[in-house]
Amino acid sequence: MKFAIALFSAAHAPSSRRALLFAQAALAGGHQIVRLFFYQDGVFNASDAVVTPQDELDLPKQWRAFISEKQLDGVVCIAAALRRGVLNEEEARRYQRNAASVSAPWELSGLGQLHDAVQDADRLICFGGA
Amino acid sequence: MSTLHVLSHSPFGDDRLSSCLRLIGSADALLLCGDAVYALQPDSAPFFALQDRTIKVFVLDEDAQARAIDIPDWAEAVDYPAFVELSIHHDKVNSWL
């Protein structure tokens, strides 16, 4: 079974943790994740600039490790990211900002990548809100 | 065609649960996670609203445990592997974001 997973909430929201645990359980169950798409406040999960308190779960770090280890396609919505100041080197250069905070394995791309993933996947699962 | 409805907001803070119950189909199922598990607070309006319906109600076990919510016999506790299986068992998953 092929899953597309979309995340709409920031790293400190409980739903972001649920998205990660669902993704891990899907792979552990022998399923495939065609793409993880980080939209709206979900883009903050891809930011290297997030500093999590020591006694809390460091979700941006866990996403990075998970995506790298499983070689998944982690796509961050570029429009949502730009308006929230979550830039990679290329966008920071383009807009003359000294604030790049997204790097590999993350990739900034358009909403079309979510549409494309949904076409390819058997199920789209969205996480967000509370 | 069946849908798994996923709720994560407390039923005491907004109308998501009542909106969901208004349109949920007989073949559909409901998964309560996060603060939505407060719908199982005994003797509360959402508790009775769910109890009176014949739809299948699932609850993310760790979220219920974290909030000290007991799971009634008409609801079923699930873990993440079971959540994945539920999403496959139904044709679509609708998250009430």
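User: Hey, leaving aside neighbours within four places in sequence, which residues is A:Gln113 in contact with?

Analyst: A:Gln113 is in contact with A:Arg35, A:Phe37 and A:Val75. Contact here means that the C-beta atoms, placed from the backbone, lie within 7 Å. Keep in mind that this is a predicted model, where local features need pLDDT of at least 70, side-chain atom pairs count only at pLDDT 80 or more, and totals for chains, interfaces and linings use all residues. Residues are numbered from 1 along each chain as its sequence is written, while chains are lettered from A and ligands numbered from 1 in the order in which they are written.

User: Which helix is A:Gln113 in?

Analyst: A:Gln113 sits in helix H5 of chain A, residues 112-120. Helices (H or I, at least four residues) and strands (E, at least two) are DSSP runs, numbered from the N terminus.

User: And is A:Gln113 buried or exposed?

Analyst: A:Gln113 is buried, because it has 20 C-beta neighbours inside 10 Å. The cut-offs are 20 or more other C-beta atoms within 10 Å for buried, 12 or fewer for exposed, and partly exposed in between, with C-beta atoms placed from the backbone.

User: Switching topic: which residues touch the most other members of the largest nonpolar core?

Analyst: Those are A:Ile5, A:Ala6, A:Phe38, A:Val76 and B:Leu32, in a core of 62 residues. A nonpolar core is a set of buried Ala, Val, Leu, Ile, Met, Phe, Trp, Tyr and Cys residues joined through C-beta atoms within 7 Å.

User: What does A:Phe38 contact, beyond four places in sequence?

Analyst: Its contacts include A:Leu7, A:Val43, A:Asn45 and A:Cys77.

User: How many residues does each chain put into the contact between A and B?

Analyst: Chain A gives 19 residues and chain B gives 14. On the chain B side, helix H4 (80-89) and strand E5 (92-96) each supply at least two, and H4(B) has the largest share, six residues.

User: What does chain B look like along its sequence?

Analyst: Chain B runs β-α-β-α-β-α-β-α-β, with four helices and five strands.

User: How much of chain B is buried?

Analyst: Buried residues are 30% of its 97 residues.

User: What size of box do its C-alpha atoms fill?

Analyst: For chain B, roughly 35 × 30 × 25 Å, taken along the principal axes.

Terms used. Contact = placed C-beta atoms within 7 Å.
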